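Welcome! Please take a look at the sequence and the structure shown here, and then let us walk through them together.

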Amino acid sequence: MKGFIEDFGAEAGDALDRFARNGVSRRDFLKFCTGVALFLGLPGEMGARIAEAAAAAKRPPVLWLSAQECTGCTETLLRASHPTLEKLILELISLEYHETLLVGSGKQAEEWREKSMKENRGKYILVVDGSIPVKENGIYCKIGGKTALALLEEMGTQAAAVIAIGSCASWGGVPSADPNPTGATPVHEIFKSKGIKVPVVNIPGCPPNPYNFLSTVLYYLTFKKLPELDDQARPKFAYGRIIHDNCERRPHFDAGRFALQFGDDGHRKGYCLYKLGCKGPETHANCPIQLFNDVGSGAWPVGTGHPCFGCTEKGVGFTKPLHSPAVVKDLTPPSLFTEVYPGKEGVSPGVKSLATGVAGVAIGAAGAALISGLGKKGDDKEDKGE
Amino acid sequence: MNQKDIKLFTPTTVVLLIVMAVGGLAAFYRLFFGLGASTHLNNAWPWGLWISFDVLGGVALAAGGFVIGGAVYILNWKKYEPIVRPAILNAFFGYALAATSITLDIGVPWRIWHPVIMWQVNSIMFIVAIHVVLYTTTLATESSPLILERLNMKKAVNFVEKIMPAIALFGVLLSLLHQSSLGAVFLIAPEKVSPLWYSSTLPYLFLVSAVLLALSMVSFETILSARVFRHKPPLDILRGLARGSLVVSGLYLLLKLKDLVTGPGVGLAFNGSLVSNMYLLEMIVGIILPFCLLLLKNVRTGVNGIFAVNMLVIIGTVLNRMNVGIVSMAEHNSRMGYDYFPSWMEFSVTMAMIAFAILGFKISVKYLNVLKLEH
């Protein structure tokens, strides 16, 4: 490792000089890369390989296509902060085209996009945010006179890989909510219908956690392949578990302590939000462990006292009513929960006297029945004679 | 003795009327001032004496209607024909009282008809409600010849008697479902009900014990009315019922023991706590003693022996319903910090129900041809 860093220093000196000028020390940079490796569940020494890839002289080109979106995905990316990520990501990759961040505009911007696509054909990463309208040939979203649908087809076929960031690009998101007037469609479905074989990674969320996106990009840069994906093409390291599994309020769920109304006693005490419609039990995301905005604990929806509304999950976010209870996946809770009144033995005095009274009456009556019924013999014979 | 000799105003009748008056006033008080004012029910004890005794006990005591009705009208066991009318009338009283008690026990009594119109098919309470309504109607139809005879409506009597097997079949079907669904009601509260009673077979246990109780109750009534109206008890009927009781109590004992052994284990029944002792009492009085006594030939053939066993089964089964309804939840609800002892109004309403059933039966015997006494 030590030797490697020395070698690394020699090879990647230019990049590190560049970082240093931007206020990122070599030490900070290696720490960040090791942190990324750990977040991805890779061994610590992988941090050095990530650093090598990130600091490589030729930065991989990235083109960013925005369709029906709200720029939330771009904004969330700008919120990443360790270390000053917007600087780092601009240095790590070569962001060739991004409508929000472009210096140029209009014809100039479109020309640059076409030039870059030509130069980096088959090598660039295409990031898409926003869903693609397909109704009436996609006239609902146009950039430079071309529909988003045509642009995606054009840019997608020449890309090395596509990252669909945000729920809109991953599964449709808000624009696809009923009645879906524009025919909003996610990237992978368009690829499937057009027969485009370029791999697509989905990073759903509204907006997604920037580190889920960043880690996927760095993984790709490092290993030249995509991280392990689930059946919906989401990276497993980020979307492998449901929110409910790692939720800080899970013990309240298990103990049956629920907030029943906003502002009620249970809500103030931080009880489970399941009965307020929290979709954590059916939503795959790492929100409770990754949190948002790097401001420490509680910085995520459930932490602030609002139920998860399932933004990352197709068929949950923007689809199910906000406050209807979630379908609990993997485990079915009992309709009544185990008691939370441990330690008290015995029976309260009222019930005790009731039970004792009942027992007394029963014993008395049974005794009387036995004595009167079995003691006498007289009329038995009389009856038998019948 | 014939019907005219039955005196209506005896000291017992006066006492029953007073009890009914007090209970009636309490019931009115409950209707106008609510459950909180009239009962000692609370959040942990939503069901108390009225449900455990009046409804669970009352419905079980009414099981004679479907057991004897089924035997006579469906299996055509003519031997039991003389007791079918009192059995069904008795069941009608039992169900009418259970329905009254449920009406008083639910939070908003004037919405008692809601389940009939607004079906909530996922609720066990819906099953219970719809069965009570349908079966009370069925019992009324089964009992209607009594009234129709009195009114001399021969055609109507003939019609009802013609369709009686179908009505009886419907009644048996409803009873099988209803008796067991009362047990199933308690399956929704696994953490409240003590494992001594909680079991997935609880519905079947309710059904089997209801059949056992039906045989004993019918036999008990037959002996009792023979004594009250001073005629000879029909011994062959009583012996047949006793043989049936022997078989059913044996089955019931087996089921209960299987539940104990495969469920909480024998140890829990003998840990000396109040709840365990109540379980043992129910087992001994209601099942083990009757079963062992019925095994003895001179007990199950003599009127006095049969009468004693009947008493034991009635006490034991009502005790079982009280145990499931109240005692089984005592430990859990005590841990929650709640207590329950019925208020005097709850007691008086329950006592009025019993008084009403006794007096109603007596009046029916006097004015309608229930026991087929000589006119």
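## Starting with two strands

Strand 1 and strand 2 of chain A pair in the parallel sense over three bridges. Here, strands are DSSP runs of E with at least two residues, helices are runs of H or I with at least four, and both are numbered from the N terminus. Two strands count as paired if DSSP finds at least two bridges between them. Within this pairing, Val62(A) has Leu95(A) of strand 2 as its bridge partner.

Before going on, a word about the model: it is predicted, with local features needing pLDDT of at least 70 and side-chain atom pairs counting only at pLDDT 80 or more, while totals for chains, interfaces and linings use all residues. Residues are numbered from 1 along each chain as its sequence is written, and chains are lettered from A and ligands numbered from 1 in the order in which they are written.

## The sheet around strand 1

Strand 1 of chain A (residues 61–66) also pairs with strand 3 (residues 125–129) of chain A, in the parallel sense and over five bridges. Across this pairing, Leu63(A) stands opposite Leu126(A), and Trp64(A) is opposite Val127(A). These strands are part of an open sheet of five strands in chain A, with the order 2-1-3-7-9 and parallel pairing. Strand 2 (94–97) and strand 9 (200–203) of chain A are at the edges with a single partner strand each, so one side of each has no neighbour in the sheet. On average, neighbouring strands of this sheet are turned by 25° against each other, direction ignored.

Helix 8 (residues 148–157) of chain A packs on the sheet, where it touches strand 1, strand 3 and strand 7 (161–165) of chain A. The direction of helix 8 makes about 165° with that of strand 1 of chain A. For such angles, axes are lines fitted to C-alpha atoms, for helices over the stretch in contact, and the angles run from 0 to 180 degrees between N-to-C directions.

## Covered and partly exposed places

Is strand 1 of chain A mostly covered or left open? Six of its six residues are buried. A residue is called buried if 20 or more other C-beta atoms lie within 10 Å of its own, exposed if 12 or fewer do, and partly exposed in between, with C-beta atoms placed from the backbone. Pro61(A), Leu63(A) and Leu65(A) point one way from strand 1 of chain A, while Val62(A), Trp64(A) and Ser66(A) point the other way.

Leu102(A) is in the loop between strand 2 and helix 7 (106–119) of chain A. With 16 other C-beta atoms within 10 Å, Leu102(A) is partly exposed. Leaving out residues up to four places away in sequence, Leu102(A) touches Tyr97(A) and Ala109(A); contact here means that C-beta atoms, placed from the backbone, lie within 7 Å.

## Chain A as a whole

Chain A has 18 helices and nine strands. Of its 386 residues, 39% are buried. Among the contacts in chain A with a separation of 6 or more, 71% join residues 24 or more positions apart.

## Where the chains meet

How many residues of chain A are in contact with chain B? There are 31, and they touch 36 residues of chain B. Helix 17 (349–375) and helix 18 (378–384) of chain A are the elements that give two or more residues to this side of chain A. Helix 17 gives the most, with 17 residues.

The largest nonpolar core has 123 residues, and those with the most contacts inside it are Tyr95(B), Val211(B), Leu213(B) and Leu312(B). Such a core is a set of buried Ala, Val, Leu, Ile, Met, Phe, Trp, Tyr and Cys residues joined through C-beta atoms within 7 Å. Helix 5 (residues 81–105) of chain B gives the most to this core, with 15 residues. Not counting residues up to four places away in sequence, Leu312(B) touches residues including Ala366(A), Ala369(A) and Val285(B).

## Confidence

Chain B averages a pLDDT of 89, and 98% of the residues score at least 70; pLDDT is the predictor's confidence in each residue, from 0 to 100. The model scores ipTM 0.84 and pTM 0.60.

Methods. Contact = placed C-beta atoms within 7 Å.
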